[in-house]
Amino acid sequence: MEPLEALLEVLTPLTRLGRPALAAVDGRCGSGKSTLSELAARRLHCPLFHMDDFFLPPARKTPARLAQPGGNVDWERVRDQVLAPLSRGEPARFSPYRCHTGAYGPPVSLSPAPLVLVEGVYALHPALRDFYRLRIFLEAPWPVRRARLLDRGGPELLARFQGEWVPLEDRYFQACRVRDCCQLVLSGQ
């Protein structure tokens, strides 16, 4: 079964629960999380949040914070401004952090929906896991991921991924046993 069909098969019943359901798609950089999640969100007409909107600003990237597995993301804001309110049937309100400008973007507000998807590395941080009705891990072999990262940003961005972000992600995936907490593992190949 294709990854999108497999994902839709498990997500579709959540849209009919009659109460807010949250689902997370986590996995290594370049595995296809954003693409797969955007396709599923379009097909299911549900909102999609991106963990990239919650990376830490440089001032908060202290050695102590980055030493924590999953410390590269502002999981506190994700929890307090998105997941907790939506799980209670209340609107989510947050300002996305824009890494390329180093500033927060305009505020975003979203009413609760039957199903909300959250995608990105760190979506299944241990402090966030219990909010999700469904936890999905997307994997792809390094050559596929490397080619996608190279296409995304060229050799300079690939080098930055390899030197900075991949080691942080690897520590998070290993220490937090992210794949093991998921009900569904898909191939993004």
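Which residues does alanine 113 touch, if we do not count residues up to four places away in sequence? In this predicted model, alanine 113 touches Pro20, Ala21 and Pro47.

Let me place this residue, colleagues. Alanine 113 sits in the loop that links β6 (108-110) with β7 (115-119). Its relative accessible area is 17%, and the cut-off for buried is under 20%, so alanine 113 counts as buried. For a sense of distance, consider valine 144: alanine 113 and valine 144 are separated by 31 residues in sequence, while their C-alpha atoms lie 34 Å apart in space.

I turn now to the sheet. Five strands make up an open sheet, and their order is β2-β7-β1-β8-β9. The pairing in this sheet is parallel. At its edges are β2 (48-50) and β9 (184-187), each of which pairs on one side only. From one strand to the next, the twist averages 20°.

Within that sheet, I would draw your attention to β1 and β7. Strand β1, comprising residues 21-27, is joined to β7 by five bridges, and the two run parallel.

Finally, the helix. Helix α4, residues 75-87, lies across β1, β2 and β7.

Key:
Residues are numbered from 1 along each chain as its sequence is written. This is a predicted model: local features need pLDDT of at least 70, side-chain atom pairs count only at pLDDT 80 or more; totals for chains, interfaces and linings use all residues. Side-chain values use heavy atoms; hydrogens and water are left out. Helices (H or I, at least four residues) and strands (E, at least two) are DSSP runs, numbered from the N terminus. Buried means under 20% relative accessible area, exposed over 50%, partly exposed in between (1.4 Å probe, protein chains only). Contact means heavy atoms within 4.5 Å. Two strands pair if DSSP finds at least two bridges between them. Axes are lines fitted to C-alpha atoms, for helices over the stretch in contact, and angles run from 0 to 180 degrees between N-to-C directions.
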